[in-house]
Amino acid sequence: MIPARFASVVFGFILSGLMSFIVSGIATFRATGADPAFVTLWIGAWLASWVFAFPTVLVVAPFTRRLVARLVRPE
């Protein structure tokens with residue numbers, strides 16, 4: 001198991017992977033349609049986008065947490 005101190009990095013890794021997978025799939029399909037090479041194009045687009053998405057999530061997450069804390073009223 002991964003130590004708990006790495007939870008935010010693991011969360012960012014999984015979140016960025018899933019989000020970039022879904023978004024790149026939609027964008028690739030919109031650009032190519034039901035092309036026979038769709039899956040190959042999608043995987044290439046996904047890997048390229050994940051390279052940027054993962055570090056972006058790690059950098060932006062603290063700002064987002066602070067913003068949400070200001071927008072949400074405590075119970």
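Visitor: Which helix gives the largest share of the nonpolar patch?

Guide: Helix H1 does, with seven residues. Bear in mind that this is a predicted model. The patch lies on the surface, has about 900 Å² of accessible area together, and includes Phe 11, Leu 15, Val 39 and Leu 47. Helices H1 (7-32) and H2 are the elements that give two or more residues to it.

Visitor: What makes Leu 15 count as partly exposed?

Guide: Leu 15, in helix H1, has 34% relative accessibility. Buried would need under 20% and exposed over 50%, so Leu 15 counts as partly exposed.

Visitor: How many aromatic pairs does the structure hold?

Guide: Seven. In one of them, the rings of Phe 29 and Phe 38 have centres 5.8 Å apart and planes at 90°.

Visitor: Why is the pair of Phe 29 and Phe 38 called edge-to-face?

Guide: The centres must lie within 6.5 Å and the planes over 60 degrees apart; with 5.8 Å and 90°, the pair is therefore edge-to-face. Phe 38 is buried because its relative accessible area is 15%, and the cut-off is under 20%. Phe 29, at 46%, counts as partly exposed.

Visitor: And what makes the pair of Trp 46 and Trp 50 stacked?

Guide: Stacking calls for planes under 30 degrees apart. Here the planes are at 20° and the centres 5.0 Å apart, so the pair is stacked. Both tryptophans lie in helix H2 (residues 38-71), four residues apart, about one turn of the helix. Trp 46 and Trp 50 are both buried.

Visitor: Which residues form one aromatic cluster?

Guide: Among them are Phe 29, Phe 38, Trp 46 and Trp 50, along with Phe 13, Phe 21, Trp 42 and Phe 54.

Key
Residues are numbered from 1 along each chain as its sequence is written. This is a predicted model: local features need pLDDT of at least 70, side-chain atom pairs count only at pLDDT 80 or more; totals for chains, interfaces and linings use all residues. Side-chain values use heavy atoms; hydrogens and water are left out. Rings of Phe, Tyr and Trp (its six-membered ring) pair if their centres lie within 6.5 Å; planes under 30 degrees apart count as stacked, over 60 as edge-to-face and the rest as tilted. Buried means under 20% relative accessible area, exposed over 50%, partly exposed in between (1.4 Å probe, protein chains only). Patches are made of residues with over 30% relative accessible area and no salt bridge: like charges are joined within 9 Å, nonpolar side chains (Val, Leu, Ile, Met, Phe, Trp, Tyr) within 5 Å. Accessible areas come from the Shrake-Rupley method with a 1.4 Å probe; for residues, only the protein chains shown count as cover. A salt bridge is a side-chain nitrogen of Lys or Arg within 4 Å of a carboxyl oxygen of Asp or Glu.
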